[in-house]
Amino acid sequence: MEYSHSDAELIEQPIGYWAWAAYKAVVTRIRGALAEKGTTQPQWWVLAQVARADRIKNRAEVSETLSGYLDAGEAVLAEEIDATIAHGWITEDAEGRLSLTPAGKDFFDEVALLQRELWAERHAGVSDEEYLTTLKVLQRFIHNTGGHAWHH
C-alpha cells in the first residue's frame with residue numbers, strides 16, 4: 001500500500017482527521033452494503049441484539065445498549081426497532097419483549113455473512129496485533145481527551 005505521506009510527515013498528521021476519515025470510509029461502505037440488502041445499519045444492530053441475545057430482551061434494553069452507537073439516540077432507535085418489526089424480522093409482545101421471527105433468522109444469517117465479508121475486506125493486510133494496537137491507541141486518545149466510549 002502507498003501511504004499519503006512519509007513516516008516523518010505522518011507523525012505530524014492530526015489523529016482527529018484520520019479517525020474521522022476512517023470512520024467515514026468504513027461506515028459508508030457498511031451502510032452501502034446493507035442498503036443493497038434492504039436494511040440500515042441501525043436495523044442491523046437491532047436485529048443482531050435480538051438474534052444474539054442469551055435471553056429475550058425488551059425494547060428498552062435493546063435501545064439502551066445501542067443508544068450510544070454513532071450517536072443514534074433513542075428516537076432513531078425507536079424508529080429502527082419499528083422498522084425491523086414492519087419488515088417482519090422481529091416481533092414485539094405486550095411487554096415490549098422482542099423476538100426473532102423465522103424470516104428474521106434467515107435475514108440475520110444472510111446479513112451476518114455479509115458483515116463477516118466486510119470485516120475481512122477491512123482487515124485485509126492488517127494483523128490482529130496491529131488491529132489491537134490501533135484500538136488501544138484510539139482508546140487512549142479518548143481517555144486522554146476526557147471522552148468516554150464503550151461498545152458491547
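Colleague: How many helices and strands does the secondary structure of the chain come to?

Modeller: Seven helices and three strands. Keep in mind that this is a predicted model.

Colleague: In what sequence do the elements run from the N terminus on?

Modeller: The run is α-α-α-β-α-α-β-β-α-α.

Colleague: What box do the C-alpha atoms fill?

Modeller: Along the principal axes, the box is roughly 60 × 30 × 25 Å. The chain has 152 residues, and 27% of them count as buried.

Colleague: And what share of the contacts comes from residues 24 or more positions apart?

Modeller: Among contacts in the chain with a separation of 6 or more, such residues account for 56%.

Colleague: On to helix packing. At what angle do H2 and H3 pack?

Modeller: H2 covers residues 15–36, and H3 covers residues 41–51. Their angle is about 75°, and the axes are 9 Å apart. That makes H2 roughly perpendicular to H3, since angles from 65 to 115 degrees count as such.

Colleague: Which residues meet there?

Modeller: From H2, Val27, Ile30, Arg31 and Leu34 meet Gln41, Trp44 and Trp45 of H3. By class, the contact has five nonpolar residues, one polar and one charged.

Colleague: How is H3 placed against H6?

Modeller: H6 is residues 102–123, and H3 packs with H6 at about 115°, their axes 10 Å apart. H3 is therefore roughly perpendicular to H6. The crossing of these two helices is left-handed.

Colleague: What residues make up that contact?

Modeller: On the H3 side they are Trp44, Leu47, Ala48 and Ala51. On the H6 side they are Gly104, Phe107, Phe108, Val111, Ala112 and Gln115. The classes are eight nonpolar and two polar, with no charged residues.

Colleague: Then what about H2 and H6: roughly parallel or roughly antiparallel?

Modeller: Roughly antiparallel. The angle is about 150°, with the axes 11 Å apart. The crossing of H2 and H6 is right-handed.

Colleague: Who meets whom in that pair?

Modeller: Val26, Arg29, Ile30, Ala33 and Leu34 in H2 meet Val111, Leu114, Gln115, Leu118, Glu121 and Arg122 in H6. Those residues divide into seven nonpolar, one polar and three charged.

Colleague: Change of topic. Which residues are buried in H4?

Modeller: H4 is residues 59–66, and Val62, Ser63 and Leu66 are buried in this helix. Seen down the axis of H4, the buried residues fall within an arc of 95°, so they line one face of the helix.

Colleague: What covers them?

Modeller: The cover includes H3, strand E1 at 57–58, helix H5 at 73–86 and strand E3 at 97–100.

Colleague: And which exposed residues does the face turned away carry?

Modeller: Ala60 and Glu64.

Colleague: One last thing. Where does Glu95 lie?

Modeller: In the loop between strand E2, at 90–92, and E3.

Colleague: Is Glu95 buried or exposed?

Modeller: Exposed, because its relative accessible area is 53% and the cut-off for exposed is over 50%.

Colleague: How far apart are Glu95 and Asn58?

Modeller: In sequence, Glu95 and Asn58 are 37 residues apart. In space, they are 7.4 Å apart, C-alpha to C-alpha.

Key
Residues numbered from 1 in each chain as written. Predicted model: local features only at pLDDT ≥ 70, side-chain atom pairs only at ≥ 80, totals over all residues. Heavy atoms only, no water. Axes fitted to C-alpha atoms, helices over the stretch in contact; angles between N-to-C directions. Helix = DSSP H or I, 4+ residues; strand = E, 2+ residues; numbered from the N terminus. Parallel < 35°, antiparallel > 145°, perpendicular 65-115°, else oblique. Left-handed = near helix turned anticlockwise from the far one by under 90°. Contact = heavy atoms within 4.5 Å. Nonpolar A, V, L, I, M, F, W, Y, C, P; charged D, E, K, R; others polar. Buried < 20%, exposed > 50% of the residue type's maximum accessible area, 1.4 Å probe, protein only. Arc of directions from axis to C-beta.
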